[in-house]
Each structure stands twice: as C-alpha cells, then as structure tokens.
Amino acid sequence: MKKDNCEIDNLDLEISSCFMKNAALPYTEVAKQLIVSGGTIHVRMKKLYDAGIIKGSQLVLDYSKLGYDIGAFVGIYLEKGSMYKYVAKELAKIPEIVEINYTTGAYSMFVKLVSKNTHNLREVLNEKIQSIKGIERTETFIALEQSLSRQPELKPTKKKK
C-alpha cells in the first residue's frame, strides 16, 4: 500500500495496530510481540511519523473524574461556508472544545466540547461560541453516555501467492 510516496507494508500496519491499542508500550515490547528487532520498530516508527501517517500519541482522560460532568456536541451554522477557517481558528482558542469538524448536511461545523456544569456550558455557548463572527446560530446536544470511542482496526493485507 502506498501513501504519499511512503510504502506501507503489513509490518507497518502491525506496529501501528500495537501502538493504537497502547501508545505507552516500549518499542522493545512491540518488537518482541512482532518478532523483530527494537531497531526495526524505531526505524519504522520514524518513517510513519515522517510520512505524517502517525501524527502523535495522546493520553486519554476521563473528563468526568476531572470535574467536567457534561459532554456536548454543537452543530454550528455559518453565515457563509467561506468563514470556516476563520471560525475554526477562533473555536480552537476555546479550551472546552476538544474536537472541530467541517461537515456536510444540516450544519457547517460540528464540535465536541466538555464543560464542568450547565452554568459553564451556557457560558461556553453564549459568551464564547456564539460571539464568534461568522457563526449564525448553533444547536446543542448533550451526551448522556459515551458507549464507544475507538479508531478503526488496521488489518494487514493478505500476501498474494
């Protein structure tokens, strides 16, 4: 499989899959699992980072245990689609927003945010989001429970005989 002048093979997919399950694994542990050298893992990971296939690793937090009791999704209607880049840049300045998407359908944009309580949610919506130039209106959906959050499974391709 070729991705932007970078040849991706089954070993690259297997390495990526290991780190998708647990980004904190040491390279030596992944090397043991895949029966290759630690140096091979290091070289392959560098190749995947350099190609932009891997964009980093992250800690996954339980926001509710940190006092963020409300998760919400906000559909945003823009005055003009051409305002997207400006609005996205302004939204990114709001710390409670954890995800920004440019979408098709009813909304121009869809964002995910966390807030400490309903007062904080109202403040984020009314004083931060809706005050951004180019936002016509918003529609908010409060998440009651998140049942699943994952990345798609990477499956190595079968070798041709």
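Leaving aside its neighbours within four places in sequence, which residues is serine 108 in contact with? They are Ile76, Tyr77, Leu78, Asn101, Tyr102 and Thr103, where contact means heavy atoms within 4.5 Å.

Before going further, the ground rules. This is a predicted model, with local features needing pLDDT of at least 70, side-chain atom pairs counting only at pLDDT 80 or more, and totals for chains, interfaces and linings using all residues. Residues are numbered from 1 along each chain as its sequence is written, and side-chain values use heavy atoms, with hydrogens and water left out.

Back to serine 108. It sits in the loop between β4 (97-102) and β5 (109-115). Helices (H or I, at least four residues) and strands (E, at least two) are DSSP runs, numbered from the N terminus. Serine 108 is buried, at 18% relative accessible area. Buried is under 20%, exposed is over 50%, and partly exposed is in between, with a 1.4 Å probe and protein chains only. A polar atom of the serine 108 side chain lies 3.3 Å from the backbone nitrogen of leucine 78. Glutamate 79 is 29 residues away along the chain, yet its C-alpha is 9.2 Å from that of serine 108.

Next, a loop residue of another kind. Is isoleucine 35 buried or exposed? Exposed, with a relative accessible area of 75%. Isoleucine 35 lies between α2 (27-34) and α3 (38-50). Its phi is positive, about 55 degrees, although it is not a glycine.

Now those two helices. α2 and α3 pack at about 110 degrees, axes 8 Å apart. Axes are lines fitted to C-alpha atoms, for helices over the stretch in contact, and angles run from 0 to 180 degrees between N-to-C directions. From α2, the contact uses Tyr27, Val30, Ala31 and Leu34. From α3, Gly38, Ile41, His42 and Met45 take part.

Last stop, α5. The buried residues of this helix, 118-129, are Asn120, Leu121, Val124, Leu125 and Ile129. Seen down the axis, they fall within an arc of 135 degrees, so they line one face of α5. The arc is taken from the directions from the helix axis to the C-beta atoms. Their cover includes β3 (70-78), α4 (84-91), β4, β5 and β6 (135-143). At the start of α5, a side-chain oxygen of asparagine 117 comes within 3.1 Å of the backbone nitrogen of histidine 119.

Methods: A polar contact is a pair of N or O atoms within 3.5 Å; within protein, one must be able to donate a hydrogen and the other to accept it, and residues adjacent in sequence count only if both atoms are side-chain atoms.
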